[in-house]
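Please read the points below with the model open beside them. They go from the whole chain to single residues.

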Amino acid sequence: MPIRALVWNENEHEKSNALVRRLYPDGIHGAIAKAFAGDAAVTVETATLDMPEHGLTQDRLDRTDVLLWWGHMAHGKVDDAIVERVQKRVWEGMGLIVLHSGHFSKIFKRLMGTPCSLKWREAGEVERVWVINRNHPIAAGLPEYIEIEYEEMYGEPFTIPEPMETVFISWFEGGEVFRSGVTYQRGAGRIFYFRPGHEAYPTYHNPQVLQVIRNATHWAHNPAAPWRSVGDAPNVPHDKAPVPLEVKGPRLHADGEEGYR
Ligand code: ZN
């Protein structure tokens, strides 16, 4: 069964800015979806903020193996209940790929638990995305570095938790550096943050950038059945312990009590 990818985009710059519309006539989501053209192992759909429930109904998320997220000017318009729904699916095992300015999305900040702040500059400078973890599946097929002629600068310190793995570090023409490709696991779900992709530049037409997105989708896919009970905290009675035991000493909680959340 193919990996079911869903590309989510707020799709706001495309509506309000002629430059972005010219670069991405099918929307940024449309350009990202093209990463999977010719990859028979992935089926791809798209969803946008203005759809009912932002196109992220429970049913749709249940049919999604890997969710890709592009957001920027409309982070605040994303409904908290839907963010919670996405978080639960990540905990259950859905993969999540957060792109570029998605570092400040509600879903990424919530899953990271840190400010996710960074330095930035919009000067159309060269970005060199260095592959520092050459055997990582997300870097498969890439040369030593990807050179992007025009990009926005993101600079350290990037206030994320220490990553599980760092796959890419970017150098910028102006001198800053940035951890551009980092992995995490939250619950049963794999997460990859990938930096390039400013809306004013044609980054999502770069075949190597699309290769990273395709590789990351394969990497983030968890083929196991969803871990629906991942958030449960069962009270295991003493006589049902793997080695049954007698209760000793005082207890605060009664048998079968659910406990506090
Ligand atoms: Zn940007």
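The numbered points below describe the fold and a few backbone details.

1. Basis. This is a predicted model, in which local features need pLDDT of at least 70 and side-chain atom pairs count only at pLDDT 80 or more, while totals for chains, interfaces and linings use all residues. Residues are numbered from 1 along each chain as its sequence is written.

2. Confidence. pLDDT is the predictor's confidence in each residue, from 0 to 100. Its mean over the protein is 97, and 100% of the residues reach 70 or more. Confidence is lowest in helix 1, with a mean of 96, and highest in strand 9, at 99.

3. Overall make-up. The protein has 7 helices and 9 strands; helices (H or I, at least four residues) and strands (E, at least two) are DSSP runs, numbered from the N terminus. The C-alpha trace spans about 70 × 40 × 35 Å along its principal axes. Of the 261 residues, 41% count as buried. A residue is buried if 20 or more other C-beta atoms lie within 10 Å of its own, exposed if 12 or fewer, and partly exposed in between, with C-beta atoms placed from the backbone. Two residues are in contact if their C-beta atoms, placed in that way, lie within 7 Å. Among contacts with a separation of 6 or more, 71% come from residues 24 or more positions apart.

4. The 9 strands form an open sheet of mixed pairing, in the order 2-1-3-4-9-8-7-5-6. Its edges are strand 2 (42–48) and strand 6 (145–155), each of which pairs on one side only. Two strands pair if DSSP finds at least two bridges between them. Neighbouring strands are turned by 25° against each other on average, direction ignored. Axes are lines fitted to C-alpha atoms, for helices over the stretch in contact, and angles run from 0 to 180 degrees between N-to-C directions.

5. Strand 9 and its partners. On one side, strand 9 pairs with strand 4 in the parallel sense over 4 bridges, and V98 stands opposite Y193 of strand 9. Strand 8 runs antiparallel to strand 9 and is joined to it by 6 bridges. T183 has F192 of strand 9 as its bridge partner, and G181 stands opposite F194. Strands 8 and 9 form a hairpin with 2 residues between them, and G187 in the turn has a positive phi of about 60°.

6. Burial of strand 9. How many residues of strand 9 are buried? The count is 6 of 6. Both faces are covered, with G189, I191 and Y193 buried on one side and R190, F192 and F194 buried on the other.

7. Helix 5. This helix (residues 80–92) has 13 residues and reaches 18 Å from its first C-alpha to its last, close to the 18 Å expected at 1.5 Å a residue; the expected span is 1.5 Å times one less than the number of residues. Its buried residues are V83, V86, Q87, R89, V90 and E92. The elements covering them include helix 4 (58–62), strand 3 (66–70), strand 4 (95–99), helix 6 (106–112), strand 8 (177–186) and strand 9 (189–194). G93 follows helix 5 and has a positive phi, near 130°.

8. Helix 7. Helix 7 (residues 207–220) lies across strand 1 (3–9), strand 2, strand 3, strand 4, strand 6 and strand 9, and runs at about 165° to strand 9. It has 14 residues and reaches 20 Å from its first C-alpha to its last, close to the 20 Å expected at 1.5 Å a residue. Buried in helix 7 are V209, V212, I213, R214, N215, A216, T217 and A220.

9. Backbone points to check. Most residues other than glycine have a negative phi, and most peptide bonds are trans. N11, in the loop between strand 1 and helix 1 (13–16), has a positive phi near 60°. N11 counts as buried because it has 23 C-beta neighbours inside 10 Å. H100, in the loop between strand 4 and helix 6, has a positive phi near 45°. H100 also counts as buried, with 23 C-beta neighbours inside 10 Å. The peptide bond joining E156 and P157 is cis, with omega about 5°; P157 is in the loop between strand 6 and strand 7 (165–172).
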